[in-house]
Amino acid sequence: MIKACIFDLDGTLADTLESMAVAANEALIQSGLKALPVDNFKYYAGDGAKTLVERAMKDGGDPELVHFNEVYESYSKKFETDCTYKVKVYDGIWDVLRGLKARGIKVAVLSNKPHARVLDVVTKLFGPDVFDHVQGQQDSVPKKPDPAGAFMTAKALGVGPETCMYFGDTNVDMMTGNAAGMYTVGVLWGFRTRRELEENQAHHILSHPLEILDLVDVKNSGMPADPRVRLVISDVDGTLIKSGQTRLEDGFMDVVNALMERNITFVVASGRQRASIQSLFEDSQKPLYLISENGGNLYYNGQDLDFHAFPKAEYEQIVRGVKDYSDDVFFAMAAPEYYFTESTNPEFTEMLSREYFFRMKEVDDILHLDQPVCKIAVYTHGDVQAFARHFQSLWGDRMNIAVSGDRWIDFNPKGIGKGTGVKFLQEHLGITPEETMVFGDNENDVSMLLCARYSCAVSGALPAAKRAAVYETDSVLGELKKLLKAVDKEA
């Protein structure tokens, strides 16, 4: 439930780009330095006024910051005289603020500008009574991306951080919101790019201010239970099974069986092996369609409907490349009947068998496996996101590479993912995206979340999954119970 919206100021509520550029360039010229293009200030801003001046001076001809005091003083005086000099409120922001107030949502400002300056700017642009709290940079509070100011703002509003949406336009904003545990939203009408916002883990990205109201409404209203839904698809790990669990929630299969009795097809889509999925869903009263290995294997009622294997040369390139990149990795190779691991790591093999119920075989050298492989799963103790980004930059145009868990990165043949399995089944069963409901939590779920009108990320999902999903939930079982009730009511 969203109870408060916290906004960055520059580039989010107000267009201050020309204002900063003109003031800084005048100060630079007065000190014998060169003026800079206005667009440069998109990248100077975001870390406070002093940092902006330092960045501008280095590009303006004073890399040693010899004239810092006089340039900073001149820059600051410009705004002391007129704090809203050439500043414009973005189109739609006033409508958003009124809409949030009408919905009972508290609103606040959190900026790296000096606190007194922020108070002046907000009061002159919006008046004294629009925002419930205004917080600028103070010596006693670390500036963003430290989350201290975000925590202070939430406390002043009387809400928990988990009930806040934080809106900003820069990497600093995304890091701040995420560090505070807030639902972090990047905006594209400000100073930075979509790529920067995505790389810094924005949960959602908006193109226009008025989309803020729609996003808040979706988050607070929940996913509707549409009785026309005929296809329900869910990921497993992180979605149906949380960390530390090994089995489905009590009562889950009772609801799934009831849905299938009402001619709603239930599909499991997982990075797991087929045998592992079957062991989890052994209480299913009807055969289940299984999208296993991130779409590499599609199976139903004793038959493989599809299997997508890596070409041998590509397989060998991945193994060699990953081993060269890190010594701290273990491989699990998804062949038709078994996962293959190297015999040098028996504890890893035993862990996969015990925790995931995989059918396992060990070999001396994974590089020379004589089996077709549809997915290469890599387990690492290092930075999973950095690992994935590295190989996405190298090979992202030739294969699918996605984070699939806290320590897992999955490689699949190009164009193969859970989404390809979902599209295959939609066509096979004659079911449209508007009749489809999908649940997921991770990067490898994104392609299938985009295949459904009713796409839902669980509350602990990674930002990439939340960006792809329309809705969010705390309980997949709760959503399925709602759907079952709606179907019965319609009957």
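The protein chain exposes about 20,900 Å², of which carbon and sulfur atoms supply 48%; accessible areas here come from the Shrake-Rupley method with a 1.4 Å probe, and for residues only the protein chains shown count as cover. The model is a predicted one, in which local features need pLDDT of at least 70 and side-chain atom pairs count only at pLDDT 80 or more, while totals for chains, interfaces and linings use all residues. Residues are numbered from 1 along each chain as its sequence is written, and side-chain values use heavy atoms, with hydrogens and water left out.

Of the 491 residues, 57% count as buried (under 20% relative accessible area, with a 1.4 Å probe and protein chains only). The C-alpha trace spans about 80 × 60 × 35 Å along its principal axes. The chain has 19 helices and 22 strands, taken as DSSP runs numbered from the N terminus (helices: H or I, at least four residues; strands: E, at least two). Among contacts (heavy atoms within 4.5 Å) between residues at least 6 apart in sequence, 63% join residues at least 24 apart.

Covering residues 17-30, H1 has 14 residues and reaches 20 Å from its first C-alpha to its last, close to the 20 Å expected at 1.5 Å a residue (the expected span is 1.5 Å times one less than the number of residues). Its buried residues include Leu17, Met20, Ala24 and Leu28. Cover for the buried residues of H1 comes from elements including strand E2 (14-15) and the helices H2 (41-44), H3 (49-60) and H4 (68-81). After H1 comes Gly32, with a positive phi near 80°.

Turning to the cysteines, a search of the whole structure finds 0 disulfides, a disulfide being a pair of cysteine sulfur atoms within 2.5 Å. For Cys374, the nearest cysteine sulfur is that of Cys451, 18 Å away. Cys374 is buried, at a relative accessible area of 1%. The sulfur of Cys451 has its closest cysteine sulfur in Cys456, at 16 Å, which is too far for a bond; Cys451 is also buried, at 6%.

Asp410, in strand E19 (residues 408-413), is likewise buried, with a relative accessible area of 3%. Beyond its neighbours within four places in sequence, Asp410 is in contact with residues including Asn294, Lys375, Asn400, Ser404 and Asn444. Asp410 and Glu293 lie 117 residues apart in sequence, yet their C-alpha atoms are 8.8 Å apart in space.

How values were computed:
Buried means under 20% relative accessible area, exposed over 50%, partly exposed in between (1.4 Å probe, protein chains only).
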